[in-house]
Amino acid sequence: MFPARNGDALLLTYDGAPQCSVLIDGGYKDTFDNHICPVLQAMAGRGACLDALVVTHIDADHITGILRLLELNGPFRSSNIIPIRLVLHNSFRNLPLDSDAEASFSKPDLELLHEIRSHGHRRPNEVDSEISASQGSTLASLLRAGDYNWNNGDGHESISSPNVIALPSNVTLTLLGPTITRLTALRDWWMAKIRRLGVAGMIGQMPLLEDVFEFMCENEPGIARLDKELASHANSTTVLQDIYEPDESVTNSSSISLLCETPNSRILLPGDCWAEDLESALSSGIDLAKPFDAIKISHHGSFHNTSPRLLRIIDSPRFFISTDGRKHGHPDIQVLKEIVDRPAEFERHLYFNYRTSASRFMASYSSKSGTPFIVHEEVDMPVLISG
Ligand SMILES: [Zn+2]
């Protein structure tokens with residue numbers, strides 16, 4: 001789990017023969033330059049590759065480091081950093097459209113679309129200020145120009161659940177989300193939004209629209225904290241049941257949510273997905289009787305994305321929480337308390353990639369059920385996960 005500030009960047013490596021590695025999200029540009037890139041270069045030096053690169057959804061805290069990776073890596077067939085065998089990512093190009101017609105726009109429409117594109121990528125701070133809005137700077141255009149194996153093809157098809165992707169050494173990625181319904185809702189939300197901005201023409205395949213779509217999704221703010229006081233760390237007597245409110249972000253609901261299985265472990269990787277979607281995906285065909293070997297908590301530990309109901313069906317000895325705590329007050333202590341308060345026959349470990357007020361709080365917290373747990377802060381070393 002790389003230090004990705006308020007975002008995610010996770011590398012999974014299965015030591016089979018051959019080794020199998022999956023990178024999930026890339027945090028920010030500095031996450032890539034300072035942390036991910038040296039690791040990938042060392043892997044490539046040993047002859048390893050990325051068997052899959054998963055970009056869970058379009059949000060700056062997940063994609064900016066991946067933009068940097070693709071910019072530097074160059075095309076699929078002659079990679080400068082590391083060979084990437086497969087990219088899983090949903091963008092405008094592979095969303096279900098109503099017709100195959102070519103896009104057609106009036107001059108005012110085109111001016112408006114160019115205007116939106118000119119705003120470019122979200123710039124969360126100075127470190128990422130050089131990420132540009134120039135043509136070809138989107139993830140979609142980099143994947144297309146680099147001729148990557150995108151969603152097991154040329155990127156014209158979306159990747160959605162149900163679906164199982166087989167990787168080397170009997171590693172599988174089972175898609176738990178998004179469903180095609182969520183991707184269609186994302187398309188409808190975006191189309192309504194550009195209509196409201198005044199774009200009237202025919203929407204169809206067009207590189208300009210790919211850019212506009214990506215920039216608009218990326219710039220979409222998450223939902224505001226519904227009740228800051230209620231969820232604040234100071235109010236430590238509240239429990240998750242008191243404050244849980246489902247997430248309403250359509251971009252979060254489009255997250256690629258995965259169960260990664262190796263011959264000896266099962267790891268739950270939900271991106272920033274909605275708790276209700278994860279509950280329903282897990283209710284069909286996934287063995288919930290035994291704990292997962294590791295769980296990455298959805299959406300940086302937000303109380304909007306882990307419900308009391310979800311925590312009644314999933315458990316694990318290892319929980320990963322990725323955030324520096326600078327955005328939306330993530331992670332919420334009510335989520336963390338609910339995790340460790342449940343009785344279990346095993347000891348739990350909470351892995352934080354930063355020290356935050358929430359991780360500090362948990363370090364001195366006692367489980368209501370007496371189930372032991374250990375808090376690991378500023379985790380920057382690989383964690384061994386074995387079933
Ligand atoms: Zn996020």
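This note sets out selected features of the structure in numbered points.

1. Basis. The model is predicted, so local features need pLDDT of at least 70 and side-chain atom pairs count only at pLDDT 80 or more, whereas totals for chains, interfaces and linings use all residues. Residues are numbered from 1 along each chain as its sequence is written, and side-chain values use heavy atoms, with hydrogens and water left out.

2. Zinc site. The zinc ion has as protein donors Asp-61 (OD), His-62 (NE2), Asp-272 (OD) and His-300 (NE2), at 2.1 to 2.2 Å. Donors are N, O and S atoms within 2.8 Å of the metal (3.2 Å for Na, K and Ca); water is not among the atoms, so sites may look incomplete. The spacing of the donor residues in sequence is D-H-x209-D-x27-H. Asp-61 lies in helix H2 (residues 60-73) and Asp-272 in the loop between strand E8 (265-269) and helix H10 (275-282), 211 residues apart. Helices (H or I, at least four residues) and strands (E, at least two) are DSSP runs, numbered from the N terminus.

3. Geometry at the zinc ion. The arrangement is irregular because the four donor atoms subtend angles of 87 to 162 degrees. Four donors are tetrahedral if all angles lie between 85 and 135 degrees; four are square planar and six octahedral if opposite donors are over 155 degrees apart and all others between 65 and 115; anything else is irregular. Both Asp-61 and Asp-272 are buried, a term for under 20% relative accessible area, with exposed over 50% and partly exposed in between (1.4 Å probe, protein chains only).

4. Aromatic pairs. Rings of Phe, Tyr and Trp (its six-membered ring) pair if their centres lie within 6.5 Å; planes under 30 degrees apart count as stacked, over 60 as edge-to-face and the rest as tilted. This rule gives six aromatic pairs. One of them is tilted, Phe-92 with Phe-213, because the ring centres are 5.8 Å apart and the planes stand at 45 degrees. Phe-92 is in the loop between strand E4 (87-88) and helix H3 (107-119), and Phe-213 is in helix H6 (residues 207-219), 121 residues apart. Phe-92 is buried at 0% relative accessibility, and Phe-213 is buried with a relative accessible area of 0%. Together with Trp-190, Phe-92 and Phe-213 form one aromatic cluster.

5. A stacked pair. Phe-320 and Tyr-351 are stacked, with 4.8 Å from centre to centre and 20 degrees between the planes. Phe-320 belongs to strand E10 (residues 318-321) and Tyr-351 to strand E11 (residues 348-352), 31 residues apart. Phe-320 is buried, its relative accessible area being 10%; Tyr-351 is buried at 10% relative accessibility.

6. Backbone. A cis peptide bond, omega about 0 degrees, joins Ser-161 and Pro-162. Pro-162 is in the loop between helix H4 (139-145) and strand E5 (163-167). Asn-151 and Asn-152 are also found in the loop between H4 and E5. Phi is near 55 degrees for Asn-151 and near 60 degrees for Asn-152. Asn-151 is buried, with a relative accessible area of 7%, whereas Asn-152 is exposed at 53% relative accessibility. Most residues other than glycine have a negative phi, and most peptide bonds are trans. A cis peptide bond also runs from Gly-177 to Pro-178, with omega near 0 degrees. Pro-178 is placed in the loop between strand E6 (171-177) and helix H5 (180-197).
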